Amino acid sequence: MKNLKIAIIGCGNLGLSIVNGLLETEGFNANNLYVTKRHPESLFYLKPQGIEVTSDNKYAAQEADMVILGVKPYNIPHILKEIAPVLSPEKQTIISLATGVTLEDMYQHLPNEIGVFRAMPNIAADIKESITCICGKNGSTETENHIKALFNSIGISIVIEEHLMEAATVLGACGIAYVLRFMRAMTQGGIQIGFDAQTANAIVNQTVKGAAELIIKKGIHPEAAIDKVTTPKGCTIVGLNEMEHHGFSAAMVKGVLASYEKIEK
Ligand SMILES: NC(=O)c1ccc[n+]([C@@H]2O[C@H](COP(=O)([O-])OP(=O)(O)OC[C@H]3O[C@@H](n4cnc5c(N)ncnc54)[C@H](OP(=O)(O)O)[C@@H]3O)[C@@H](O)[C@H]2O)c1
């Protein structure tokens, strides 16, 4: 990946997270990075590090081996039409971050032989803790490995079938918001039982981080960890059962389904 040239067409929130991740990746050469926006002035601070900042999408795409599309889904067709004339299947691979734009949609505007991938990261990319789901067509194993390495620089990545990309959006990208809403509710409970907001927040943040890291590092199912906390007739099981009586798990599953149905429409 060291010598690959990467263009990020439409370097907004997510694009910048990728830039930040790459800049912290050992051996990555910032001179190999091209970022674009229609109004690129806000990215000029990246120039001293060697990154090329421009509004010229065609130029950036032509120079790059990996062309990442960070624009909104509705911008994808005209961006593809704009850059298609400078793309060659022997050189470039396209990687779209856009929600709901299929590989087939993109091939409407691209040569059939070119490698096209979709990647669905989340906003934790900003701190190199994203989960990125990837699918693609026409990429060699080497290209796939480069793409995985690229997204591993902002967290971890997994390759999935394209028909699961919308489900990946819900679980991975929308999922961050579900967890944050859960944390807000827990903090509110903490305030009601006596903590000031800041202390409640600090306790909740570390508790959620600890819970996630515990099951990741031990490789166990959440329920196995829950069993260790729920003393018979104790306060934890009473609290958990009360939450379930009010539809806690059902509300989460229904929310996941509602987000999924919204994307499917
Ligand atoms: N945010 C998330 O959690 C998340 C997660 C997974 C996937 N996604 C997907 O990632 C994509 C980007 O999301 P985002 O949150 O990063 O959006 P964003 O912050 O709005 O970034 C989009 C960027 O595209 C630029 N742009 C628009 N038209 C352009 C053009 N013709 N040429 C070059 N640049 C152009 C905009 O800058 P100018 O106006 O200056 O051109 C803007 O900076 C979306 O497709 C979204 O579906 C987002």
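**View 1. Strands S7 and S8 side by side in the predicted model.** Here strand S7, residues 130-137, runs parallel to S8, and five bridges join the two.

**View 2. The open sheet of eight strands.** Step back from that pair and you can follow the order S3-S2-S1-S4-S5-S6-S7-S8, with mixed pairing. Strand S3 (52-54) and strand S8 (155-159) stand at the edges; each has a single partner strand, so one side of each is left without a neighbour in the sheet. From one strand to the next, the twist averages 20 degrees.

**View 3. Helices H3 and H5 lying across strands.** Helix H3, residues 76-83, lies across strand S1 (6-9), strand S4 (66-69) and strand S5 (93-96). Helix H3 runs at about 155 degrees to S4. Helix H5, residues 141-152, lies across S1, S4 and S5 as well as strand S6 (115-120), S7 and S8. Its angle to S8 is about 150 degrees.

**View 4. Thr54 in the edge strand S3.** Is Thr54 buried or exposed? Its relative accessibility is 13%, under the 20% cut-off, so Thr54 counts as buried. A polar atom of the Thr54 side chain lies 2.8 Å from the backbone nitrogen of Asp56. Beyond its neighbours within four places in sequence, Thr54 is in contact with Val35, Thr36, Lys37, Pro40, Tyr59 and Ala60.

Conventions
Residues numbered from 1 in each chain as written. Predicted model: local features only at pLDDT ≥ 70, side-chain atom pairs only at ≥ 80, totals over all residues. Heavy atoms only, no water. Pairing = 2+ DSSP bridges. Helix = DSSP H or I, 4+ residues; strand = E, 2+ residues; numbered from the N terminus. Axes fitted to C-alpha atoms, helices over the stretch in contact; angles between N-to-C directions. Contact = heavy atoms within 4.5 Å. Buried < 20%, exposed > 50% of the residue type's maximum accessible area, 1.4 Å probe, protein only. Polar contact = N/O pair within 3.5 Å; in protein donor to acceptor, adjacent residues only side chain to side chain.
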